[in-house]
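Open the model in your viewer and keep the sequence panel beside it. We will go from stop to stop, with something to select at each one.

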Amino acid sequence: MTDFRAAARRSLVVPLSAALALATGMGTWYALDGGGPLTGPGGAPAAGSGPRVAAVARSLHLPWPAEGQASVEVEGIGGLGTRGEQRPVPIASVTKVMTAYVILKDHPMRAGAPGAAITADEQAANESYSSVETTAPVLSGRTYTQRRLLELMMVPSGNNIARLLARWDAGGEKAFVAKMNEAAAALGMGRTTYTGVSGMETSTRSTSADQLRLARAAMKDPAFREIVATRTVEAPGAGVTFRNTNKLLGRNGVIGLKTGSSTPAGGNLVWAATQEIAGTPRLILGVVLHQRAGTTPTEGSTAAHEASRALITEIRATLPDAVGRSARA
């Protein structure tokens, strides 16, 4: 059960006045180019980039999780390392990062725009209140904006919404899964296989390094960045508002990305944070997978959040000084 929070979620009502659509601190945005150094105006090296800086970054003593696998990189500086055997493991609702990525490639949205109009079908409505998976309520025949449905898929992790979007985009879930695997191949995700659109299937498997590639590509899209930074989302017509399952959002510079947990997959978290380094706002991307697998989704999710929080805190505290010392050397 991905991101399982049972039917009791109906009580998770938050006043709309408390909703905050976007996390702050995104700063200047630089296009991620695979983790290599960036250039500034006129082609000059960007502040805090270059081989020496990359070597310093890799020398940091990071608190890597003792189990599972993890990968981290910093925009314009490069990779900070990968830990754990990179064998494909179930990723639960982290799957929805690719679902959103494909939807936005096929149906691009401007930042702040509502996107296309989508009518919820009977299947999505009937699946709204499942007792065995995470869902978000929609009404059959009601029209929703593409943006709202993406929010309902990514913020509370609605499996029924992922399937609805897949049917809308490709006419069926099987055809959409084929698109997901094509996108993965195009991104060089050689150890990733998608067999469903929500993450319920344990046969959907990936590695932290592969999911880092996807996060890098997805975060180039302004609409995607807004959606994964959304703190709360209301289900129109249902009188329910959901909090983001990413408990790190809005703290320590975190601006996204996606949680996923199940007993087979353990706890999983793809995260994005910002930090100013050598006078330049940088994006830090990380993936933590397979934490406390075989336990409960709650225990796994807690472990993934704790491992991610430790990495983010240490990187933001030590990397700026390390880069500064390198630049002065």
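Start by selecting Ser261 and Gly267: Ser261 stands opposite Gly267, a residue of strand S10. This is a predicted model, in which local features need pLDDT of at least 70 and side-chain atom pairs count only at pLDDT 80 or more, while totals for chains, interfaces and linings use all residues. Residues are numbered from 1 along each chain as its sequence is written, and side-chain values use heavy atoms, with hydrogens and water left out.

Now extend the selection to strand S10 (residues 266-277), which runs antiparallel to S9 and is joined to S9 by eight bridges. Helices (H or I, at least four residues) and strands (E, at least two) are DSSP runs, numbered from the N terminus. Two strands pair if DSSP finds at least two bridges between them. Three residues connect S9 to S10 in a hairpin.

Is strand S9 enclosed or open to the outside? Colour residues 254-262 to see. Nine of the nine residues of S9 are buried, so the strand is largely enclosed by the rest of the structure. Here buried means under 20% relative accessible area, exposed over 50%, and partly exposed in between (1.4 Å probe, protein chains only).

Next, show the open sheet of five strands, with the order S2-S1-S11-S10-S9 and antiparallel pairing. Its edge strands are S2 and S9, each of which pairs on one side only. From one strand to the next, the twist averages 10°; axes are lines fitted to C-alpha atoms, for helices over the stretch in contact, and angles run from 0 to 180 degrees between N-to-C directions.

Move to S1 (residues 69-74) and S2 (residues 78-83), an antiparallel pair joined by five bridges. Select Ser71 and you will find its bridge partner, Thr82, in S2. The two strands form a hairpin with three residues between them, and Gly76 in the turn has a positive phi of about 80°.

Then go to strand S11 (residues 280-291) and pick out His290. His290 has a positive phi of about 60° although it is not a glycine, and at 15% relative accessibility it counts as buried. Arg292, in the loop between S11 and helix H9 (297-328), also is not a glycine and has a positive phi, of about 55°. Arg292 is partly exposed, with a relative accessible area of 35%.

Centre the view on Leu257 and show its contacts (heavy atoms within 4.5 Å). Leaving out residues up to four places away in sequence, Leu257 touches Val97, Ala215, Met219, Phe224, Val228, Asn246, Val270, Trp271, Ala272 and Leu285.

Now select helix H6 (residues 173-186), where you will find Ala178. At 37% relative accessibility, Ala178 counts as partly exposed.

Among the residues of H6, Phe176, Val177, Met180, Ala183 and Ala184 are buried. Seen down the helix axis, the buried residues fall within an arc of 115°, so they line one face of H6; the arc is that of the directions from the helix axis to the C-beta atoms. Those buried residues pack against H2 and helix H5 (159-170). Turn to the other side of H6, where Lys174, Glu182, Ala185 and Ala186 are exposed. Just after H6, Gly188 takes a positive phi of about 80°.

For the last stop, select helix H4 (residues 146-154): eight of its nine residues are buried, so H4 is largely enclosed by the rest of the structure. The buried ones are Gln146, Arg147, Leu149, Leu150, Glu151, Leu152, Met153 and Met154.
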